[in-house]
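Subject: Structure for you to look at

Hello,

Here is the structure I said I would pass on. Please open it first, then read the notes below.

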Amino acid sequence: MVKIELYRAFCSKSFWTACILGFVMLVIGGWEYVEYYFTGYVSQGTYLEKFLVSYGYGAASLIAVMFPVLAVVPYCMSYRKDMDSGFRVYLNIKGSVGKYRSAKLLAVSGSGFSALFIPCLLWLLICCFILKTGKTEFSIIHGIYFAEGLYTYAPFLYGMIYVCNAGLQGAVFSVLALGLSSVIKNKYLAAFLPFCYCIFTAAVLDTYNMA
């Protein structure tokens, strides 16, 4: 049962589409640095600064806003599809309902995690080995208050924290959409509600921080 669900999740076109879209969003967020690289100019900033700007600190960063959508694209709507098509009944014949739900939860959370983890890791590696500069000192980007020592002395590890954080957020929102799809028959609404929740909470927190 688990192998079937993992295969359906990670070998689907929607999963790899989500990974590609996530990578494209990161490239758009750091397009200025990419242009500098291809024109032969040395852009300012360390590779970690470039990664963080693309990840969420830049005005052009899209993945910081669209990650709930990327997380739900790969596989979270599969439960609703199984219910509508009768495929769930077929799977229940091969195993218990509990095994089916456990396998579905693992596949959905794993696909949501990987759909954000893979492109973020790939972009961090590109920033580190391709878009790097000769600058050795690390300046603190305005607004960073988390683990500044780690940011300065272990920049790649610091970047990996953000990569893993993206994956965890993807897992959480994909499971949220999975739960919504089990009670909401409209699959598009079930996929869109996590995005609305993310935007709403971000606006509330931003207002709270300004108060």
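F129 counts as exposed because its relative accessibility is 56%; exposed means over 50%, buried under 20%, and partly exposed in between, with a 1.4 Å probe and protein chains only. F129 is in helix 8, where a helix is a DSSP run of H or I with at least four residues, numbered from the N terminus.

Residues are numbered from 1 along each chain as its sequence is written, and side-chain values use heavy atoms, leaving out hydrogens and water.

The protein chain averages a pLDDT of 81. Confidence is highest in helix 2, at a mean of 94, and lowest in helix 7 (residues 87–94), at 60. Where pLDDT is low, the predicted coordinates should not be read in detail.

Now the inside. The largest nonpolar core has 32 residues, and F51 and W123 touch the most other members. Such a core is a set of buried Ala, Val, Leu, Ile, Met, Phe, Trp, Tyr and Cys residues joined through side-chain atoms within 4.5 Å. Among the elements that give two or more residues to this core are helix 4 (47–57) and helix 10 (155–183). Helix 8 gives the most, with eight residues.

Beyond its neighbours within four places in sequence, F51 is in contact (heavy atoms within 4.5 Å) with residues including W123, C127 and Y162.

Regards

Conventions:
This is a predicted model: local features need pLDDT of at least 70, side-chain atom pairs count only at pLDDT 80 or more; totals for chains, interfaces and linings use all residues. pLDDT is the predictor's confidence in each residue, from 0 to 100.
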